[in-house]
Structures are given as C-alpha cells and as structure tokens.
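Please read them with the structure open.

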Amino acid sequence: NTEVLVSYKDTTVRIAVDVYRPVQELEPMEIETALLYGFRVPEGVEGKVNSVIIRGEEFFQSCDENTSVVTIRDLPSYSYYGEQEIEIRTDKGIYKAPAGIYTKILRTKEDLDRFGSWAHAEGEAGHADTWGGYFVLGNDIAYNGKYQPFCDMKILASMGPCSYGDGHLNGVLCGFHRGFGGIFDGRGYNIDGMEIDDECGGFVGVINKNGVFKNVSFTNARHGGAGGFICASGGGTIENVYIHCVELKGGRAGGNLYSGFFLSTDSIGSARVRNCFVYVDCEMEDPSTTFIYGRAHEGYGILENCVAVGVSPENGWLLNTAGTGASNDCRVYNDLAALKYSGESFAGWLNEFWIMKNGLPYPSKLALPEADESLLEDRTETVMPGGAVRFDSLDKNTYLRLDGQAVEDGVYVDGTKIVVPAKDGAVYTAYICYIYEPDKKAEITIQVQDEPEKEEVVSESGLWGDRR
C-alpha cells in the first residue's frame, strides 16, 4: 500500500492507495536441477526477483544480478516436479509461467549413458544403494548400441547388506528400499536400437517400492540374456511400456538367472506392471529359460492388463509362485492376427500414451509400420467345396477377415487359410486387411466349384518372413 498526504489550509487528508500489479503470463519454462537448481530470469521479467512460488510454497533462495540466475531451495518431494505453474515476483511485477521441473531431460544417447550417475546423485542421503530423481525424455532417441545398466542385483550385493538395516543382500526384499526409487517418464517418446545384456539387471536394474517407470516405447530392442530388459527385481510401478524386440537370447539354467522383460529374477507384492505390451519379433533362442513377464508372483495382482505377441502359449511365459489374492492379468498370443481374432478389449488402456488402432493398443507418438501394398490387391480365388484357400504370403501386419454372410454360411479362418463348406457354386467375400487400419484392405472373391481352374497359393513376399 502507498499513502498520499494532501494538505489544504488547515486540513490534511491521508489517502491510502492500493497499487494493483496485474499478473503477466510468461512463455513455458524448463528447469533441470541436475544442471542448475534454479533458472535464468526469463525474458520479459522486470525488476529484481525476490520470490519464487511453486504449489503455493515459497522456494526463493537468491538472485545473482550479474548472471541473472535465480537459485531455489531443494524441492521436498517429486510432487513438486513435473508439470507445474511457477510464480515469480519482483519489486516491479508478478509473473506466472507453466514450468516443467525435472532432474534432467534426456535428449541424446549420451544423456541415457549418464542417466545412472545423475540418478545416483539424487539417491537418499546416507544410502549409497539408492538412485532417485525425476527424469523425462525430451525426444525420440536413436540409441543403436549396448546399454550398460547402472544398477543390478550383483552391484547391490557388492555394496554389502541393505543400508536400511534389514540384513538382505538380494532376494525379494531387495526391492523394498534398494535400487531406483525415482521417476522415469518417457512422455511417449521412443528409444530405438537399445541392447541390454546384463545379468540380474536391466534399464533401471532394480526398481524399489517408490520407483516409477512409465510412458516409453522401445523399438528394435535386443535382449541379451539372464536378466530383465526394464528391471530384474523390485517392488515399484512400471506402466505404459511398449517393447518391440528383435533379438531374445534367453537366460541360463540355475540360480534364477532367467530372461524376461519385467522382474526377471524376483518381485515383491507392491510391484505393479500395468498396461504393458511386448512384441517379440524374433525367435526365442531358449524358451526354457525365457519368461516374458518374469517372476511376478500370484496373489498380489502384480501384472495388470499386460499382453505379449509373438509368444507361443505353450512356452513358459510367466514364472510365478502360487498364492492367494489377486491373480496376474496377462496373456500371450502367437502373432498380431491371433490377438486381433481374440476380440480382447483394451478399453482400459486409453490414455495419453496409448491410442487404439483397429481395436489394438499402439503408442500414440510412434509411427505405424508401413503396409505392404502388394498384399492389398483385389483378386478372385477358386476352391473345391470343403476346401481351403491359402494365403502364405501374409506378413506380420496383415490378417484375414470375412464378411457377415460368409461367417453365417460356415466359412472360417484357420491361420493363413480360409476354409469353405461343401457348397458348390457359392461365392464368398473375404478381405486381407492391414492390422492397424482396416480400411487398407484387399477384397478377395472366393468362388466354390467342383473343378476349379486352379487353387492359387500366394507366394511368400519375403518382406517380413513367415507369420508365427
């Protein structure tokens, strides 16, 4: 408030003036605390900064007028990170801006290689066996190389007993306190060409009960052996993760050294793997030591809405121990076509990370694989009554669909074949459809007659290889 005194003859009037300072909106800001625990004064801010408010709390510490760097005090928890609104006050005005506050925005391969050292610096004070921080991807990253995990169960064992005093080197309790307890949010971006070959480890190695790993896709991933791709053990949360794997070597017998994508060695009841999709686009070198979902024990509801494609249901795909309580919710399918034919509903998957393409979940920021247009050409086939038309050239991104009349008459799909009833003279309509966009399709007219001119077998395109 400002007071103005006005005197006239023998009378003095005191006027209180309440000066109104309108809030001015600034452009979005990004704060990376691993580089600077604060920020440079944004363009458009006038006056000397004397206040920084986040979530209604004061965090201003100092302002260097020579460098225009504002330092803030430590944020008390991860709830103050992520997408926030920051209010900056000066002696001349009030300013507000949307602000992304993170430990580090990972933008390059080199950033991913330094992820572990930044995370270790954010571990809990006095506990060298913890890693923390709030990390996000800033864009898609072409990694194209072997990643060296910063934490695995062997590294933790070498540190001695758990620093929290529970006496455990490894085992299921390892995931209570030890390992990564921060937040990794891919924000829908993709990491391409990453290879992980680390015994008892993975991208974050061990994820403890406070850890969160979410919203990221991996394409052309290579999984080298006896460990996890995301983690080998833990009790944290993994959600909205898509993995397209082109090499899967398997684990090794004995010592629980199995190969998997999540929790490959062990887990505790607090662990949650939710809305995750694994596409195994290769042969499993050793199915006997490969468990796609790892060791998620029954009775805790660890796995929620998880799907794997390219995996035979006959193989061991989940290693668990029987228990009471919520069951694991996970399934495997031989290929994308089998998933489509299953009619499985993914209504609960819709969020910023996943979109639905022809009823199947797919990462919203990831480009769809190209359709092979040579497979999507209309044509006519002839077949004997009770016979079948084969379509051996179908690739992994196409499937067969029948029109309603054909289904009513008893025509059905059997893998890459369409089987017709013994009904001479019938004509049916079927389609070869691109798996993610059903309007991209070829119309197939099937004529049933006693002596067809030929039974055409469509030759393999060779583009993607045989369907599983």
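**Notes on the model**

1. Start with Thr219. Its side chain makes a polar contact of 2.6 Å with the side chain of Asp192. A polar contact is a pair of N or O atoms within 3.5 Å; within protein, one must be able to donate a hydrogen and the other to accept it, and residues adjacent in sequence count only if both atoms are side-chain atoms. A second polar contact, of 2.8 Å, links the side chains of Thr219 and Asn190. Thr219 sits in strand S20, residues 212–223. Helices (H or I, at least four residues) and strands (E, at least two) are DSSP runs, numbered from the N terminus.

2. Is Thr219 buried or exposed? Thr219 counts as buried because its relative accessibility is 12%. The cut-offs are: buried under 20% relative accessible area, exposed over 50%, partly exposed in between (1.4 Å probe, protein chains only). Setting aside neighbours within four places in sequence, Thr219 contacts Asn190, Ile191, Asp192, Gly193, His244 and Leu366. Contact means heavy atoms within 4.5 Å.

3. A word on the basis. This is a predicted model, in which local features need pLDDT of at least 70 and side-chain atom pairs count only at pLDDT 80 or more, while totals for chains, interfaces and linings use all residues. Residues are numbered from 1 along each chain as its sequence is written, and side-chain values use heavy atoms, with hydrogens and water left out.

4. Now the whole chain. It has five helices and 35 strands. Of its 468 residues, 51% are buried. Among contacts between residues at least 6 apart in sequence, 72% join residues at least 24 apart. The chain exposes about 21000 Å², and carbon and sulfur atoms supply 46% of that area. Accessible areas come from the Shrake-Rupley method with a 1.4 Å probe; for residues, only the protein chains shown count as cover.

5. Next, the nonpolar cores. In soluble globular proteins, nonpolar side chains tend to be buried together. The largest nonpolar core here has 61 residues. Such a core is a set of buried Ala, Val, Leu, Ile, Met, Phe, Trp, Tyr and Cys residues joined through side-chain atoms within 4.5 Å. Phe115, Phe203, Phe213, Phe218 and Phe262 have the most contacts inside the largest core. Strand S22 (residues 237–248) gives the largest share, five residues. Another core, of 42 residues, lies apart from it; Val309, Trp354, Tyr362 and Val448 are among its members.

6. Not counting residues up to four places away in sequence, Phe262 touches several residues, including Ile230, Ile238, Ile243, Val273, Tyr293 and Arg295.

7. Two backbone points. Arg55 has a positive phi, near 55°, and is not a glycine. Arg55 lies in the loop between strand S6 (49–54) and strand S7 (57–58). Cys200, also not a glycine, has a positive phi of about 70°. Cys200 belongs to the loop between strand S18 (190–196) and strand S19 (205–207). With a relative accessible area of 9%, Cys200 is buried.

8. Last, a link across sequence. Gly387 is in the loop between strand S29 (379–383) and strand S30 (388–390). Gly387 and Ile418 are 31 residues apart along the chain, and 8.5 Å separates their C-alpha atoms. Gly387 touches Ile418, Val419 and Val420, leaving out residues up to four places away in sequence.
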